[in-house]
Amino acid sequence: MSPTPGLSPEWGTGDAKPGDVIWSLLFLFIRGPYQALKPQRLMHFDYSSHKYVFSISNNFKSLLPEISPILNKHYSVCAVVGNSGILTGSHCGPEIDQADFVFRCNFAPTDVYSKDVGRKTNMTTFNPSILERYYNNLLTIQDRNNFFLHLKKLEGAILWIPAFFLHTSATVTRTLVDFFVEHKGQLKVELAWPGNIMQNVNKYWKTKNLSPKRLSTGILMYTLAFSMCDEIHLYGFWPFGWDPNTGKDLPYHYYDKKGTKFTTKWQETHQLPSEFKLLYKLHREGVTKLGLSHCT
């Protein structure tokens, strides 16, 4: 793959690459000190009415690093790992772990599935709704301990928390902030809180005929990877309920319980087949590498 993917036929020499468009947007003040963010500043939400706001507290500000954890970072080969059921039985774990930088989506588990998805994690997203769905909003000691132990496994990684997408995340975000302040110094996880980025991100992908109600986490991580990586390998990007190699049924996520039916609930907000079609086009043109078969 060319180290200058923006010169591929898909993007054209005059096109802006997704990374160029997003590089200064994807993290709060990525090119400068996070300390420029003042307490009591009101943040709006990308996908909610402008009337909703989130006030930056002193605790929130205290969690921001002095500079972006990826400032001036660049890697040769990156893996972006989606959560599709196509990874089940893929044996792609060792190949994924060989990448210089590994992006993952939505705090997906790896331990039990490492043979197929690997263990290495340099960055993972964390939608605030995960705290409600899997950790009961940290309402019990057991919930808090489970969350803490799972975070400990990510030591050295970046936790990317899209707190300013939907106003419904505000209460959970405050719970997260309190938890991280309480355990400051005990966890070696870098925290990243993207600001109001989606208007610009959506505008960019609309030029590529991709304009869903909301872009998926996977396409956001792919966009960021374009800023940081010469070569991008995609795994687990298959939004269909059947295996393209065997025709057998697949779960929606590789970590879904056995027997879980493929869900199409994502159709309410995402256009995953359209995203896949675009990524597959980039794969055919040599811009990226999209894995759809078992690894050897």
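1. Cys 78 and Cys 229 are joined by a disulfide, with an S to S distance of 2.0 Å; the term denotes a pair of cysteine sulfur atoms within 2.5 Å. The model is a predicted one, in which local features need pLDDT of at least 70 and side-chain atom pairs count only at pLDDT 80 or more, while totals for chains, interfaces and linings use all residues. Residues are numbered from 1 along each chain as its sequence is written, and side-chain values use heavy atoms, with hydrogens and water left out.

2. The torsion about the S-S bond of Cys 78 and Cys 229 is about -85 degrees, so this disulfide is left-handed. The pair links distant parts of the chain, 151 residues apart: Cys 78 belongs to strand β3 (residues 75-81) and Cys 229 to strand β8 (residues 229-235). Helices (H or I, at least four residues) and strands (E, at least two) are DSSP runs, numbered from the N terminus. Both Cys 78 and Cys 229 are buried, where buried means under 20% relative accessible area, exposed over 50%, and partly exposed in between (1.4 Å probe, protein chains only).

3. A disulfide is also formed by Cys 92 and Cys 295, whose sulfur atoms lie 2.0 Å apart. The link of Cys 92 and Cys 295 is right-handed, with 90 degrees about the S-S bond. Cys 92 lies in the loop between β3 and α3 (93-97) and Cys 295 in the segment after β9 (289-290), so the pair ties together parts that are 203 residues apart in sequence. Cys 92 and Cys 295 are both buried.

4. The count comes to 2 disulfides. Counting bonded cysteines along the chain, the pattern is 1-3, 2-4. Cys 105 counts as buried, at 4% relative accessibility.

5. Strand β8 deserves a separate remark. Of its 7 residues, 6 are buried, and β8 is thus described as mostly covered. Strands β3 and β8 pair in the parallel sense over 6 bridges; pairing requires that DSSP finds at least two bridges between two strands. Cys 229 in β8 is the bridge partner of Tyr 75. Strand β8 also pairs with β9 in the parallel sense, over 2 bridges, and His 233 stands opposite Lys 289 in β9.

6. The whole structure contains 5 salt bridges, each defined as a side-chain nitrogen of Lys or Arg within 4 Å of a carboxyl oxygen of Asp or Glu. Asp 111, Arg 119 and Lys 153 are linked in a network of such contacts. Between Arg 119 and Asp 111 the closest N and O atoms are 3.1 Å apart, and between Lys 153 and Asp 111 the N to O distance is 2.8 Å. The latter pair links distant parts of the chain, 42 residues apart: Lys 153 is in the loop between α6 (141-152) and β6 (158-160), and Asp 111 is in the loop between β4 (101-104) and α4 (114-117). Asp 111 is partly exposed at 33% relative accessibility, whereas Lys 153 is exposed, with a relative accessible area of 55%.

7. A salt bridge also brings together the side chains of Glu 182 and Arg 144 (2.4 Å, N to O). Glu 182 lies in helix α7 (residues 170-182) and Arg 144 in helix α6, so the pair ties together parts that are 38 residues apart in sequence. Glu 182 is partly exposed at 48% relative accessibility, and Arg 144 is partly exposed with a relative accessible area of 25%.
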